Amino acid sequence: MQLEKIYEPQRFEPHWAQWWIESGIYTVDSATARRGQTFSIVIPPPNVTGSLHLGHMLEHTIMDVAVRWHRMRGETTLWVPGTDHAGIATQMVVERQLASEHLTRIQLGREEFERRVWQWKEEYGGRINNQIRREGASVDWSRERFTMDAGLSRAVRETFVRLWERGLIYRGEYMVNWCPYCETAISDVETKHDAVQGHLWHIRYQIKDSDESLTVATTRPETMLGDTALVVHPEDKRYLHVQGKTAILPILHREIPILADPLADPEFGTGVVKVTPAHDPHDFEVGKRRGLPLVKVIGEDARMTEAAGPYAGLDRFEARKRIVAALEQSGQLVKTEPYIVNIAKCDRSDTIIEPLVSTQWFVRTKPLAAKAMEAVRSGRIRFVPNDREVVFFQWMENIRDWCISRQLWWGHRIPAWHCRNCHQFTVARETPALCPHCHSTEVEQDPDVLDTWFSSGLWPFSTLGWPDDTEDLRAFYPTSLLITGFDILFFWVSRMMMLGIECTGEVPFREVHLHGLVRDAEHQKMSKTKGNVVDPLDLMEEYGTDACRISFLLAVAPGADIALKMNRFEASRGFANKLWNASRLLFMNMERSALTSWNPEQPIGARSTEDIWIEQRLNACAAALEESLGAHRYHEAAQTLWDFVWKEFCDWYLEIKKNRFTANSGQDDHWSVALSVYERMLRLLHPLMPFVTEELWQRLMSISSAAHARSISLAPYPTSESLPVEETQFDRLQRIVTTARELRADHKLDPKSVPEATLYLRGPLFSKADLAAISTLARLKLEQRSGTADQQSPVLRSTPDYDLIIHVAGQNGAGSAESRARILKEISRLNKAIESSERQLSDPAFLERAPENIISSVRAKLTEYREQLKKNRELLDNSE
C-alpha cells in the first residue's frame, strides 16, 4: 500500500471530483428526509455570463465546509446549485458578440435576439459548473437550477401577480436612475457614488418687469433649460417681496414662477433654488406638490432633447460647456467656484446616471421591510456574526420603493398586457386572449423585463418547487443557512428576506453568514483594468485545490477582507505535503510491519504514553472544531486542524511512533491506536481538504476488515467526549525534549553529536520506553534520577519539575564569559517567571475564580522558581 513519493494533487483531484458526481452520493431523497435532521443551503447563483473569480472560490469553499460537516454529522443535507440569467450583464455580452458580426439586436428583432442569448447560454454557461466541480463542491447536481428555467419563471410570474393583487406592486411615472449606456432604469442599490472635483456655477435670473434679479447656484447648468420654477423659503425675509412674481429663464427666455417652498434652505447658498422636475428627484416631488410642468431636456441617450432649443442633439456634457459659455457672454454667469460633487454612476457600466422621469413598475417595500426587520429582531433570522445588523436596520428603515422594471430584452417579461384599443392594462398569470376591459383582441405584453434581483430574490424557495407544495419544499424550507459576501446584503439578502416572508409566510433561511471580499496583496480591489485578477483555476493547478481551500479558510476571519498573498498558498501546499509524507511514513511502516488487515472496531489494549496524549489532543481538537464550525469561525477551525496535524500528530506523535514500529509488529497495540487516530484525523480534516483526505482514507480503508462508508464524506464526523483535561506523562516528556533542544542550541552543540546527560526528576520516573523516546528525540545518552541536581554545570537547565544536565567534554567552565552569559540569561528567565506567578497570586479575580488545584500549582511552581533562582545565583557567584 505504498504512497507515491511526491504529493501531486493534480493526479487525483480531478478523479475524485468526477467520482463524487458519478457515484450520486450527494443526491438527496427528500421523501426520506426527517424534519429536524435536515440541513439545506442554496448556492448564490453566479452570473451565467462568465467564469468564477476568487470571491466565488472563497464562498464555495466556506459553503462546502459547512455542507460536508453537516452531512458527516448525519443530517440529510441538500446543497442546491445553479446560475443566474444576469439580465443586463448577459444582454451586454451578447450585444458585443453581435457587434463583432456587424449586427444589432434591433436588426435581429426581439424573438431572434432572445434565441441568440439562449444559444450563448448553452454554449458558455457550462464552464461555471465545470469550475464548481473542480473546486470539490459537494452539491446535488440533480437539482441544478437556472433563474430562467420553466419552474422558476412560473414562480416569478406568481410572485408578481400576488404582490400586484395585494397592492404591493404599482405602475407609475416617477423619477428613476437611468443608465444611458445600459439603456434602462436601475435601482438605488445598483448605483455607486464618487466624490469628484466639480464646479458650482452661480447664474442670474432676471425678475420680470424689474431691475432686480435672483442668483441661483447649480452643479448641472445643462438642466436649467428644464427649469419650471424658482423657490425660496416661505419664512426667508430677504425674498418675501418676490414670492408670486415671475422670473425669466436665461437663454430660452421662458417665464417661470417664483414660489415659496420648504425645499429652499435659507442657510445654504443664496437661499434661492431652481426647480427642474424632470431631472432631479427632490424637484420632482416639488413639481408634483405644486403642479409644475415636466420639461425633459435630456433624453434616454444622454443627449439634449428638442426642448433644449439650440442645444438639441448635443451630448449633455458638451451642452454644459456651451451653456456656460453663453451665460458668461450674456453676463448672466455671476461666478464659478470649485466644488466637490457627489456623482452617481451605474455600478455595472460606470456611466454617470441621469435622473429621468419615466413610467416604471415599483414594489412598495416599506411593509415588506417591516416584516424582514421583525424576523431579525425576533431571532427567526440570525446574522452570524451580528456586526452587520446595524447597517441592515439602517438601510431597511430608510428603504425606498424598488423600481423593478428594466428596458431590456433578456429576462423575465413583466406579466402585464396593454390594450391598444382602450389603453388599459391587465396583470395576469396566463396570457389573456382578450382585454378584460373592452374585450379587444389587440393586447400585447409589456415590453419591459424584471430586475434580475427580483427572480434571484425568490431563489431559496423557487429552487425547491414553490409555488407548488413539493416534497423538497416541505423537507428543506426554510433553508438552514445563507453564506454570501457582505457587499450584496442589500442587493440580494434583504430582497430574499422580504420576498420569502411575503410569498411563503416563512423566513428564507435561519442564519446568515456574511464574509469579506478577496483583494490583492496591497488590499486593492481586483479588476481587469488594474491587471490584478487571478484565475482560481490557475491557483488550483499550481498549488492544488486543497491547499487553496485551506489558504482561504485560514484568512477568512469574520468581518475582514482577505489579502491574496502567494506565500500563504505556498505554506498551505507545504501543509498538504506534510500530511502526504506523514501518511507515506505510516503506510511504509505498515508494509514493513506486515500489517495487511486492520479492524477499526477491534478493542484497543494497552496504550502507550504517546497514545494517551494524542487521543487527549484529538479529543480537544474535535471539541474545538465543534465550537468553531458551529459558530462559522472557519479560520479558527482551519488553524486548529493545522496545529493538530502538523505540530502534534506529525512533529511529536509520529516522531516517536516511527521508532516503535518494527518488522512484523503489525498486531501490536501501537498500530491500533495510531491507525485509529490517523483515520479520525482524516475525517476531522475532510470538510476543509476533501480531495487529499478522500484519497488517503480510501487507501487506508482498503485494508479495513470492518464495514465502512463508500466515501469519507459519508463517514461520521468525530465528536468529542467530556474528559477532564489533565497533564499526561507525555506533556512532561515534551517539555524535557524541548528543554534539551534549547540547551543544545544555546551551547551550539554539534547537531550530530549524542552527548551523555542526566535528568533529575521531582516526579515519577519515566518508563524505559519513554526514556528511550526522550533520548532519541533530544539526541542524548540519557539517564534519569530522582531529586535535584547536586552538581554545578554550565550546561544545566532547571525548572520546577526537573533539572537537565548535558555532560559535554571540553565545555567551557562555569567561570568562562560564555557560561556567565548563559547563567545570567537563565536568571533573567526565572525572574520573569517569578514576577508572572507573583502577579497571578496577587490578583483577587484569579484567586476568586481559579480552581484550587490551579492556584496550588502556581504556588508550587513559584517555590520551585525561587529555588532554581537561588541555585543559579550560587553558580554565578562561584564563577567569579
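Predicted model: local features only at pLDDT ≥ 70, side-chain atom pairs only at ≥ 80, totals over all residues.
User: Thanks! How do I read the packing of two helices?

Analyst: Two packed helices are described by the angle between their axes and the distance between those axes. Take helix H19 (residues 609-630) and helix H21 (residues 669-685): their angle is about 15 degrees and their axes are 11 Å apart. That makes H19 roughly parallel to H21, and their crossing is left-handed.

User: Which residues of H19 and H21 meet?

Analyst: From H19 come Glu610, Asp611, Ile614, Glu615, Leu618, Cys621, Ala622 and Leu625, and they meet His670, Val673, Val677, Arg680, Met681 and Leu684 of H21. Sorted by class, this contact of H19 with H21 has nine nonpolar, one polar and four charged residues.

User: At what angle do helix H18 and H21 pack?

Analyst: H18 (residues 566-592) and H21 pack at an angle of about 150 degrees, with axes 12 Å apart. Angles over 145 degrees count as roughly antiparallel, and H18 and H21 are therefore roughly antiparallel to each other. H18 passes H21 in a left-handed crossing. On the H18 side are Leu579, Ser583, Leu586, Phe587, Asn589 and Met590, which meet Trp671, Leu675, Tyr678, Met681, Leu682 and Leu685 in H21. The residues of this contact divide into 10 nonpolar, two polar and no charged.

User: Now the backbone. What should I look for there?

Analyst: Most residues other than glycine have a negative phi, and most peptide bonds are trans. Here, a cis peptide bond joins tryptophan 466 and proline 467, with omega about 15 degrees. Proline 467 sits in the loop between helix H13 (459-462) and helix H14 (471-476). The bond from tyrosine 477 to proline 478 is cis too, with omega near 0 degrees, and proline 478 is in the loop between H14 and strand S22 (479-485).

User: Where does histidine 253 lie, and what is its phi?

Analyst: Histidine 253 is in the loop between strand S10 (246-248) and strand S11 (255-260). Its phi is positive, near 60 degrees, and the residue is not glycine.

Definitions and conventions: Residues numbered from 1 in each chain as written. Heavy atoms only, no water. Axes fitted to C-alpha atoms, helices over the stretch in contact; angles between N-to-C directions. Helix = DSSP H or I, 4+ residues; strand = E, 2+ residues; numbered from the N terminus. Parallel < 35°, antiparallel > 145°, perpendicular 65-115°, else oblique. Left-handed = near helix turned anticlockwise from the far one by under 90°. Contact = heavy atoms within 4.5 Å. Nonpolar A, V, L, I, M, F, W, Y, C, P; charged D, E, K, R; others polar.
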